[in-house]
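Please read the points alongside the sequence and the model.

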Amino acid sequence: MAEVQRRPGRLGPPPPTSVKPSAPRFEPVDREKTCPLLLRVFTKVGDHHADGDFAVRGKEPKDEVQIYTWMDATLRELTDLVKEVAPEARRRDAILSFAFVYPDKCGRFVVGRTFSYPNGRLPDSGSKAFGNLSFQIGDYVDVAILTQ
């Protein structure tokens, strides 16, 4: 039988180590062999669109950007693409807030935010992939571009 060594000043067995269960990771996609999906992205400066803006198919907001991407794409990749088409997103103090919109259910699920120019002091959600964020094909992405 193994003996438990006790350190001076410590009573009882060592405390259990806390191990966080890891989140299920989405497997990377072979982008050379896998067909991309069409992502409908709607941008708005100052706030997210209202839920009613997506209530009727075909009458979505006019500020749409269509992006072809894959399920392993990250919010950082999407941030860089949005910055190419939305000048407000290029500002140094811009924060992009991402929400998935379920158009048939009139629901919204905010999934993360990124900084236009990330740094180590302000962590963001840029490394999260769509596949790990409950994104489903057919959902819209609503991006609020916030500036201070």
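1. Strand S3 (residues 95-102) and S5 run antiparallel and are joined by seven bridges. Strands here are DSSP runs of E of at least two residues, helices are runs of H or I of at least four residues, and both are numbered from the N terminus. Two strands count as paired if DSSP finds at least two bridges between them. Within this pairing, Ala99 stands opposite Asp142 of S5.

2. The coordinates are a predicted model, in which local features need pLDDT of at least 70 and side-chain atom pairs count only at pLDDT 80 or more, whereas totals for chains, interfaces and linings use all residues. Residues are numbered from 1 along each chain as its sequence is written, and side-chain values use heavy atoms, with hydrogens and water left out.

3. S5 also pairs with S1: the two strands run parallel and share six bridges. Val41 has Val141 as its bridge partner in S5. Strand S5 covers residues 140-146, and six of its seven residues are buried. Buried denotes a relative accessible area under 20%, exposed one over 50%, and partly exposed the range in between (1.4 Å probe, protein chains only).

4. For the chain as a whole, there are one helix and five strands, in the order β-β-α-β-β-β from the N terminus. Of the 148 residues, 38% are buried.

5. A contact means heavy atoms within 4.5 Å.

6. Is His49 buried or exposed? Its relative accessible area is 7%, so His49 counts as buried. The side chain of His49 makes polar contacts with the side chains of Asp142, at 2.6 Å, and Asp63, at 3.1 Å. A polar contact is a pair of N or O atoms within 3.5 Å; within protein, one must be able to donate a hydrogen and the other to accept it, and residues adjacent in sequence count only if both atoms are side-chain atoms. Asp142 is also the residue that Ala99 faces across the strand pairing.

7. Glu60 lies in the loop between S1 and S2. Because its relative accessibility is 8%, Glu60 counts as buried. Between His49 and Glu60 there are 10.0 Å in space, C-alpha to C-alpha, and the two are 11 residues apart in sequence. The Glu60 side chain makes a polar contact of 2.6 Å with that of Tyr140. Leaving out residues up to four places away in sequence, Glu60 touches Arg40, Phe42, Asp53, Phe54 and Tyr140.

8. Which side chains form polar contacts with Arg40? This residue of strand S1 is joined through its side chain to that of Glu64 at 2.6 Å and to that of Glu60 at 3.5 Å. Once neighbours within four places in sequence are set aside, its contacts are Arg57, Glu60, Glu64, Val65, Tyr140 and Val141.
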